[in-house]
Amino acid sequence: MFTPWPIGFVSTPYKDTSDIPKGLGTRHDAEGVITILPDFELGLTDIEGFSHLFVIWEFDRTQHFELLGTPPADNRRHGVFATRSPLRPNPIGLTVVELLHRNKAELHVRGVDMLDGTPILDVKPYLSSIPSESLRRGWLEEAEARANGNATVS
Ligand SMILES: C[S@@+](CC[C@H](N)C(=O)[O-])C[C@H]1O[C@@H](n2cnc3c(N)ncnc32)[C@H](O)[C@@H]1O
């Protein structure tokens, strides 16, 4: 296996995990700046044309993992691989952000959900060809239905 190393770091408004919005219906509108390290800046060539990016990053402030957990969006337990829990065997985060603009090695983005100073492992253009009507949202859909008082699955 390869040993990952940061290609950059992200500045966000979040100093503590309790600052980050969580739970059903949460929208991530916060802005942040991903600063790519000089060795990798050339790799940003032509990124400006993309509206959204996948950002792959490290949960660098978690120490352990839990295979079952209760996410903020539900009061029931789910497997880690059926959630976006930060407590994962490989502490890798994935966030889709909107690219607002680039200034040299800086990517100004909207939609961050990482702590300030989080190491960035990779950035890729966001492209999805899956029509929304083909997407199933699993337990999240059921949790939303329960929260709205019209659950059909118990
Ligand atoms: C639910 S995870 C989702 C992250 C990403 N969107 C994903 O799906 O992989 C987001 C939470 O991870 C935690 N978190 C954010 N940055 C972190 C970091 N650098 N180290 C550890 N935990 C972090 C915060 O509690 C935050 O609310």
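Of the 154 residues of the protein chain, 29% count as buried, a term applied to residues under 20% relative accessible area, with over 50% counting as exposed and the range in between as partly exposed (1.4 Å probe, protein chains only). The model is a predicted one, in which local features need pLDDT of at least 70 and side-chain atom pairs count only at pLDDT 80 or more, whereas totals for chains, interfaces and linings use all residues. Residues are numbered from 1 along each chain as its sequence is written, and side-chain values use heavy atoms, with hydrogens and water left out.

The ligand sits in the largest pocket. A pocket is here an open set of points on a 1 Å grid over the protein atoms alone, where a 1.4 Å probe fits and protein lies on both sides within 12 Å along at least five of seven lines, and a molecule sits in it if more than half of its atoms lie within 2 Å of its grid points. The ligand is surrounded by 18 residues, of which Asp60, Arg84, Leu94, Asp113 and Thr118 are the closest; a residue is included if one of its heavy atoms lies within 4 Å. This shell divides into 7 nonpolar, 5 polar and 6 charged residues. Strand E3 (52–58) and strand E6 (92–103) each supply at least two residues of the shell, and the largest share, 3 residues, comes from E6.

A nitrogen atom of the ligand is 2.9 Å from an N or O atom in the side chain of Thr118, a polar side-chain atom of Thr95 lies 3.2 Å from a ligand nitrogen atom, and an N or O atom in the side chain of Lys22 is 3.2 Å from a ligand oxygen atom. The protein covers 88% of the 600 Å² of accessible area that the ligand has on its own, as given by the Shrake-Rupley method with a 1.4 Å probe.

His78, found in strand E5 (residues 78–79), is buried, with a relative accessible area of 13%. The side chain of His78 makes a polar contact of 2.8 Å with the side chain of Asp74; within protein, such a contact requires that one atom can donate a hydrogen and the other accept it, and residues adjacent in sequence count only if both atoms are side-chain atoms.

Conventions. A polar contact is a pair of N or O atoms within 3.5 Å; within protein, one must be able to donate a hydrogen and the other to accept it, and residues adjacent in sequence count only if both atoms are side-chain atoms. On a 1 Å grid over the protein atoms alone, a cavity is a set of points where a 1.4 Å probe fits but cannot get out, and a pocket is an open set with protein on both sides within 12 Å along at least five of seven lines; lining residues have an atom within 4 Å of a point. Helices (H or I, at least four residues) and strands (E, at least two) are DSSP runs, numbered from the N terminus. Ala, Val, Leu, Ile, Met, Phe, Trp, Tyr, Cys and Pro count as nonpolar, Asp, Glu, Lys and Arg as charged, and the others, Gly among them, as polar.
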